[in-house]
Amino acid sequence: MSTKTPNGLDKLGLKNIGKVYYNISYDELQAHEIDKNECKISSTGTAICDTGIFTGRSPKDKYFVDQEPSNKHIFWGKINKKIDKETFDKLFEISKDELSGKDLYIMDVYSGASEASKKSIRFISEVAWQAHFVKNMFIRPTEEELETFEPDFVVYNACKTTDTDYKEHGLNSDVFVCFDVERNISIIGGTWYGGEMKKGIFSMMNYWLPLEGKLSMHCSANVGKDDDVCLFFGLSGTGKTTLSTDPQRALIGDDEHGWDDNGVFNFEGGCYAKVIDLDPKSEPEIFGAIKKDALLENVVSDEEGVVDYSDKTKTENTRVSYPIEHIANHKENLQAGHPKNIIFLSYDAFGVLPPVSKLTKEQAMYYFLSGYTAKVAGTERGITEPVTAFSACFGEAFLPLHPTTYAKLLGEKIDKHGVHVYLVNTGLNGQGKRMSIKDTRACINGILNGSINDAQFDTLPIFNLQFPKTLEGIADNAILNPKNTWDSEEKLNETLRDLAGEFIKNFDRYNDNGSEFDYSTAGPQI
């Protein structure tokens, strides 16, 4: 077992600490997971854990301390809720009490592969699989780097405690995920879900970097042999991880990136993929990454450890985290130059958006701020019919600053580097059939090899989106025009108007008199 100890252990405010397992190896973590009955092992050697009653994040339980100077920057509202310093301090004491007198797992890692932009993060937990999750998802320092490691930010994961006085504190529930920006600490209580740690640091990177003039992004990224970088923006379920994992291109990362003066860089050192209905034929790279050192969450397996990826008994949000090295064709240093192409992925459940559209700069700003996809029946409790979902910058839940802050930075970089932007619909056509991965990949390939720019374009009414009439690799070019998949053009136009109305209603929040982002004319017109 490793005998290293972290620097600054006495500064954490914890009492009577037992054994400290500091940045221990995968083999050691797996031994702990088995000994503590936290995990079982699948037939492929992958650890399988359950995340408890929470199989996803708890966004209604996320708070920032309301204090200067950070409260001048934070965009307060439904996403970023206030907690006063006194209440935070009480929860901090509860968290420290929970972690005191325990054997602890401490993981020191980096967020951000760029030397000019990276942050040093320390995670403290009493659960082995949570340390495993952190080791998978963040950038792992070398032994030499650990000798002088000093954290910029510390996460106290006290998942086994709760806030029993939450009503008195004016909070939503006994779960809490709280951030004190000035003291550079975060506390977690009441939820075991590992994604809270991942997205908590993503939220902080989304706070820090734009204030330094750098763009933080909820996107995947890959790079071709000619150093042509492509970014894939999209909400969960739109294909961000699947489409960026391409055997012909090196994966930079599948979820979180920054864009500074040197180019694009991954925040993370691993990938976090959905595995519900995972098919080795259509997603061979992800399927092959599920092996020793990976960590499966909330999947169902038999006595031999064979996983049934179609089983939704525990949740539809079954996941796997794995170090990016499990993807054979990944970018070793997790960074590359400036993008040539940007792709917005949307799952349109109404069947009216083209499979691929080429956007103007103004349209790019509009669709970036809109962040459109659709939720379909079965994905969330209570949803029986498709509903629109808009998430600013394709990641509103993780944006501490006003969305236009990120949009302004994106627009500046599009102009400076001459980036092409496209909208790709990975959802349904007018017949209710989902776009095949093969056809979607043909659209992506047309963008990446530039052949889409040689096509003749047609225009989608109301939305004024330009889409190609033909594209190499598409099984039937007729599907490129949504009209060809509808039995009734009248019904198509009616659905287009309905969806356009939802876009316009959502975008109203950016049309206030003080906004410099009046891109409403680039959106649909009724």
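# Exercises on a predicted model

Lys198 touches Phe133, Met137, Phe138, Asp255, Glu256, Glu268 and Tyr272, not counting residues up to four places away in sequence. The model is predicted.

## Exercise 1. A lysine in its setting

Solution. 
- Step 1. Read the neighbours. Among the residues that Lys198 touches are Asp255, Glu256 and Glu268. Phe133, Met137, Phe138 and Tyr272 are contacts as well.

## Exercise 2. A helix that is enclosed

Work out how many residues of helix α3 (residues 128-137) are buried.

Solution. 
- Step 1. List the buried residues. They are Ala128, Trp129, Gln130, Ala131, His132, Phe133, Val134, Lys135, Asn136 and Met137.
- Step 2. Count. Ten of the ten residues are buried, so α3 is largely enclosed by the rest of the structure.
- Step 3. Link back. Phe133 and Met137 of this list are among the contacts of Lys198.

## Exercise 3. A tyrosine in a strand

Describe the surroundings of Tyr322.

Solution. 
- Step 1. Tyr322 sits in strand β20.
- Step 2. Tyr322 has a relative accessible area of 0%, so it is buried.
- Step 3. Leaving out residues up to four places away in sequence, Tyr322 touches Asn136, Gly270, Cys271, Ala273, Ile286, Ala289, Ala294 and Ile327. Asn136 is one of the buried residues of α3.
- Step 4. Compare sequence with space. Tyr322 and Gly45 are 277 residues apart in sequence, yet their C-alpha atoms are 12 Å apart.

## Exercise 4. The nonpolar cores

Identify the residues that touch the most other members of the largest nonpolar core.

Solution. 
- Step 1. This core holds 147 residues. Phe123, Tyr156, Leu231, Ile342, Phe344 and Phe463 touch the most other members.
- Step 2. Find the main contributor. Helix α6 (residues 195-211) gives the most to this core, with eight residues.
- Step 3. Look for a separate core. A second one has 19 residues, including Val356, Ala442, Ile452 and Ile479.
- Step 4. Take Ile342 as an example. Not counting residues up to four places away in sequence, Ile342 touches Leu231, Phe233, Trp259, Leu410, Ile414, Val419, His420, Val421 and Tyr422.

## Exercise 5. Helix α9 and its partner

Determine how helix α9 (residues 361-370) is placed, and how its axis meets that of helix α12 (residues 489-507).

Solution. 
- Step 1. Eight of the ten residues of α9 are buried, so α9 is largely enclosed by the rest of the structure. They are Gln363, Ala364, Met365, Tyr366, Tyr367, Phe368, Leu369 and Ser370.
- Step 2. Apply them. The axes of α9 and α12 come within 10 Å and cross at roughly 80°. Angles of 65 to 115 degrees count as roughly perpendicular, so α9 and α12 are roughly perpendicular to each other.
- Step 3. Name the contact residues. α9 supplies Tyr366, Tyr367, Leu369 and Ser370, and α12 supplies Phe503, Ile504, Asn506 and Phe507.
- Step 4. Sort them. Six are nonpolar, two are polar and none is charged.
- Step 5. Step past the helix end. Gly371 follows α9 and has a positive phi near 55°.

## Exercise 6. Backbone features

Locate Asn16, Leu334 and Pro69, and state a backbone feature for each.

Solution. 
- Step 1. Asn16 lies in the segment before β1 (20-22). Its phi is positive, about 50°, although Asn16 is not a glycine. Asn16 is exposed, at 69% relative accessible area.
- Step 2. Leu334 lies in the loop between β20 (319-323) and β21 (335-336). Its phi is positive, near 60°. Leu334 counts as buried, at 8% relative accessibility.
- Step 3. Pro69 lies in the loop between β4 (62-65) and β5 (81-83). A cis peptide bond joins Glu68 and Pro69, with omega about 0°.

## Exercise 7. The whole chain

Solution. 
- Step 1. The chain has twelve helices and 28 strands.
- Step 2. Of the 526 residues, 60% count as buried.

Conventions:
Residues numbered from 1 in each chain as written. Predicted model: local features only at pLDDT ≥ 70, side-chain atom pairs only at ≥ 80, totals over all residues. Heavy atoms only, no water. Core = buried A, V, L, I, M, F, W, Y, C linked by side-chain atoms within 4.5 Å. Buried < 20%, exposed > 50% of the residue type's maximum accessible area, 1.4 Å probe, protein only. Helix = DSSP H or I, 4+ residues; strand = E, 2+ residues; numbered from the N terminus. Contact = heavy atoms within 4.5 Å. Axes fitted to C-alpha atoms, helices over the stretch in contact; angles between N-to-C directions. Parallel < 35°, antiparallel > 145°, perpendicular 65-115°, else oblique. Nonpolar A, V, L, I, M, F, W, Y, C, P; charged D, E, K, R; others polar.
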